[in-house]
Amino acid sequence: MNFNDIFKSGFLENITSVSILDMAIALVLAFGLGVFIFLVYKKTYSGVMYSSGFGTTLVALTMITTVVILAVTSNVVLSLGMVGALSIVRFRTAIKEPLDIAFLFWSIAVGIVLAAGMIPLAVIGSVIIGIILLVFVNRKYHKNPYIMVIRCDSQETETKAKAFIDDKTERCIVKSKTAQKGLVELNLEIRLKDDNTDFVNAIADMDGVQSAVLVSYNGDYMG
């Protein structure tokens, strides 16, 4: 194709620019790798609310990217128009988990590499990336912290409860304290020595303690 042919290409000529076999192979591989990315995402997800829609989006995004790149590589005019069209697109969906960005780029990269014909790179690269994510994301570098809320009637009871918690836990930090007449509320960040939470019942049974609540904290934590 020379410079003049770029502007003379017609609609009917573009029908056979990509063979049916190439399209079928690329889309089947894109679907397979997209499902693999989805399974890795599901296995490594550590957020509060799992979204199955985002996992399905990873599969669709891999296949859509493959289709787009196949079209772009087969027609120079279309590639120029595609760049102009995509440059005005704006996405407003917020990414809540930082790791989700890595999965989005992974899906897009796999679609691009597959459409470019680099099948071994797409397959082997995806397997290596998946193994690395499974190893590092599921590995716990520290014990999960808990948030404990205690409501008591006096400072004396507060001191007594705090000393008891310090003895039963590995770490205890006061995050906030609310004091009213006849009521003290403590928000504590604690790390358990083991999985035993019976000490919460003991605190609730103390004289002067109105309630004791223990909540697991699964958000991002630096410590």
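Val174 counts as partly exposed, because its relative accessibility is 41%; buried means under 20% relative accessible area, exposed over 50%, and partly exposed in between (1.4 Å probe, protein chains only). The model is predicted: local features need pLDDT of at least 70, side-chain atom pairs count only at pLDDT 80 or more, and totals for chains, interfaces and linings use all residues. Residues are numbered from 1 along each chain as its sequence is written, and side-chain values use heavy atoms, with hydrogens and water left out.

- Val174 lies in strand 2 (residues 169–180); helices (H or I, at least four residues) and strands (E, at least two) are DSSP runs, numbered from the N terminus.
- Not counting residues up to four places away in sequence, Val174 touches Lys162, Leu186, Asn187 and Leu188, where contact means heavy atoms within 4.5 Å.
- From C-alpha to C-alpha, Val174 and Met148 are 9.5 Å apart in space, and in sequence they are 26 residues apart.
- Glu158 belongs to helix 8 (residues 155–168) and is buried, with a relative accessible area of 12%.
- Beyond its neighbours within four places in sequence, Glu158 is in contact with Cys152, Lys177, Val184 and Leu186.
- A separation of 8.7 Å lies between the C-alpha atoms of Glu158 and Glu185, which are 27 residues apart along the chain.

**Chain overview**

- The protein chain has nine helices and four strands, and from the N terminus on its elements run α-α-α-α-α-α-α-β-α-β-β-α-β.
- Of the 223 residues in the protein chain, 29% are buried.
- Among contacts between residues at least 6 apart in sequence, 72% join residues at least 24 apart.

- Helix 3 (residues 20–44) packs with helix 6 (residues 98–115) at an angle of about 165°, and their axes are 10 Å apart. Axes are lines fitted to C-alpha atoms, for helices over the stretch in contact, and angles run from 0 to 180 degrees between N-to-C directions.
- Helix 3 and helix 6 are therefore roughly antiparallel; angles under 35 degrees count as roughly parallel, over 145 as roughly antiparallel, 65 to 115 as roughly perpendicular and the rest as oblique.
- On the helix 3 side, the contact includes Leu29, Leu33 and Phe36, and on the helix 6 side it includes Phe103, Trp106 and Val110.
- The residues of this contact comprise 13 nonpolar, two polar and one charged. Ala, Val, Leu, Ile, Met, Phe, Trp, Tyr, Cys and Pro count as nonpolar, Asp, Glu, Lys and Arg as charged, and the others, Gly among them, as polar.
- Helix 3 and helix 7 cross at roughly 5°, with axes that come within 10 Å; these two helices are therefore roughly parallel to each other.
- Residues of helix 3 that meet helix 7 include Ile25, Val40 and Lys43, and their counterparts in helix 7 include Ala122, Ser126 and Gly130.
- The contact of helix 3 with helix 7 divides into twelve nonpolar residues, three polar and one charged.

**Ser126**

- Ser126 is found in helix 7 (residues 119–137) and is buried, with a relative accessible area of 1%.
- Leaving out residues up to four places away in sequence, Ser126 touches Leu33, Phe36, Trp106, Val110 and Leu121.

**Cysteines**

- The count of disulfides comes to zero, a disulfide being a pair of cysteine sulfur atoms within 2.5 Å.
- Cys152 counts as buried at 1% relative accessibility, and Cys172 counts as buried at 16%.
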